[in-house]
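Subject: Structure handover and notes

Dear colleague,

Please find the structure below, followed by my notes on what was found in it.

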Amino acid sequence: MNAPDRLDMRTSTSDATADLLTRFRTVRQHTLALVAPFSPEDCKLQSMPDASPAKWHLAHTTWFFETMVLEAAEPNFAPFDAHFRVLFNSYYQGVGAAHARTERGLISHPTLAEVMNYRAQVDERMQRLLAHGSPAASVQQLVALGLQHEQQHQELLLTDMQHALSRHPQWPAGQPPTEALQQTALAWLPYEGGLVQQGWTAERDGDFCFDYETPRHRVWLEPFDIGHRLVTQQEFWQFMASGGYQRPEFQSLPGLPTLGRGRGRVQRQVHVPTAGAARQLSGHTRRSCAGQPPKLFPA
Ligand SMILES: [Fe+2]
């Protein structure tokens with residue numbers, strides 16, 4: 001499946017909405033680029049109840065803009081297809097009923113081609129709104145939220161597709177191979193801690209935040225070290241295999257359950273991966289969407 005040409009539409013918009021329009025085009029186009037390497041057959045797969053087909057992600061992210069933005073902003077709004085309101089709702093109870101998540105793979109109609117047409121039409125209407133409609137600030141905030149929502153679904157789309165392809169015995173390629181990261185040895189950066197400010201600020205974080213990122217408030221931090229890079233799968237597996245989840249010194253952060261029996265600690269019953277569960281991963285595989293042979297966890 002090939003990604004359509006880059007979205008284009010002549011604009012005459014104010015500076016206030018020009019950036020939003022550019023971001024809209026960029027995010028929407030990126031979703032198409034992500035699914036471009038996958039076949040229509042790949043895009044309909046739902047490999048487990050917690051995963052969704054790529055086709056559903058493509059439609060649902062479009063549903064957000066149609067239902068949350070266009071329905072309120074277009075004077076003569078008419079839905080692309082009235083059935084989509086339920087089919088591609090997720091958990092927005094205020095909008096009405098939603099199709100069961102566990103059965104998203106059964107939505108054979110609309111076809112992928114029809115979903116792509118749905119995206120194209122909503123994109124055109126959204127761009128017309130942003131370019132010529134002088135949308136209200138509340139509408140612009142909804143568009144910004146919709147773009148953040150779509151970026152969340154871009155991650156979900158890839159993880160769901162990765163799981164679906166992992167169930168195929170021949171590890172088909174869904175993406176071009178990427179060069180292996182050459183990880184440097186993990187280094188630890190010390191922080192003194194103390195009284196700090198936590199939460200969103202417009203000056204530092206831009207004009208968007210989720211509601212749980214406010215209000216900005218003070219937090220007392222004990223001294224801590226933090227790794228200078230992200231943890232790899234291999235390192236996380238080693239942590240589990242060495243019994244890391246059973247060692248109380250790793251579980252004493254505020255807000256996390258305390259598992260140890262140390263003085264003053266309360267032992268709680270929680271479900272955590274055990275060293276045994278980690279050892280069961282030995283000989284099991286981890287896969288990417290790049291069609292490469294799966295890599296083994298060490299025995
Ligand atoms: Fe969603």
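Met 126 sits in helix H5; helices here are DSSP runs of H or I with at least four residues, strands are runs of E with at least two, and both are numbered from the N terminus. This is a predicted model, in which local features need pLDDT of at least 70 and side-chain atom pairs count only at pLDDT 80 or more, while totals for chains, interfaces and linings use all residues. Residues are numbered from 1 along each chain as its sequence is written.

Met 126 counts as buried because 27 other C-beta atoms lie within 10 Å. The cut-offs, with C-beta atoms placed from the backbone, are 20 or more other C-beta atoms within 10 Å for buried, 12 or fewer for exposed, and partly exposed in between. Beyond its neighbours within four places in sequence, Met 126 is in contact with Phe 24, Phe 65, Val 69 and Leu 70; a contact requires C-beta atoms, placed from the backbone, within 7 Å. Phe 65 is 61 residues away from Met 126 along the chain, and their C-alpha atoms are separated by 7.7 Å.

Helix packing

Helix H3 (residues 54–73) and helix H5 (residues 112–132) have axes that come within 9 Å and cross at roughly 35°. Axes are lines fitted to C-alpha atoms, for helices over the stretch in contact, and angles run from 0 to 180 degrees between N-to-C directions. The crossing of H3 and H5 is left-handed, that is, the near helix is turned anticlockwise from the far one by less than a right angle. On the H3 side the contact includes Leu 58, Thr 62, Phe 65 and Val 69, and on the H5 side it includes Val 115, Val 122, Met 126 and Leu 129. The residues of this contact divide into twelve nonpolar, one polar and four charged. Here Ala, Val, Leu, Ile, Met, Phe, Trp, Tyr, Cys and Pro count as nonpolar, Asp, Glu, Lys and Arg as charged, and the others, Gly among them, as polar.

Core

The largest nonpolar core has 36 residues, and those with the most contacts inside it are Val 35, Ala 54, Ala 59, Val 115, Met 126 and Met 161. Helix H1 (15–35), H3, H5 and helix H6 (137–166) are the elements that give two or more residues to this core. Such a core is a set of buried Ala, Val, Leu, Ile, Met, Phe, Trp, Tyr and Cys residues joined through C-beta atoms within 7 Å.

His 153 is in helix H6 and is buried, because 22 other C-beta atoms lie within 10 Å. Not counting residues up to four places away in sequence, His 153 touches His 57, His 60 and Thr 61. His 153 and Thr 61 are 92 residues apart in sequence, with 7.4 Å between their C-alpha atoms.

Strands

S2 (residues 194–198) and S3 (residues 217–221) pair in the antiparallel sense over five bridges; pairing requires at least two DSSP bridges. Val 196 has Val 219 in S3 as its bridge partner, and Gln 197 stands opposite Arg 218 in S3. S3 lies largely in the open, because zero of its five residues are buried.

Whole chain

The protein chain has nine helices and six strands. Of its 299 residues, 21% count as buried.

Regards

Terms used. Contact = placed C-beta atoms within 7 Å.
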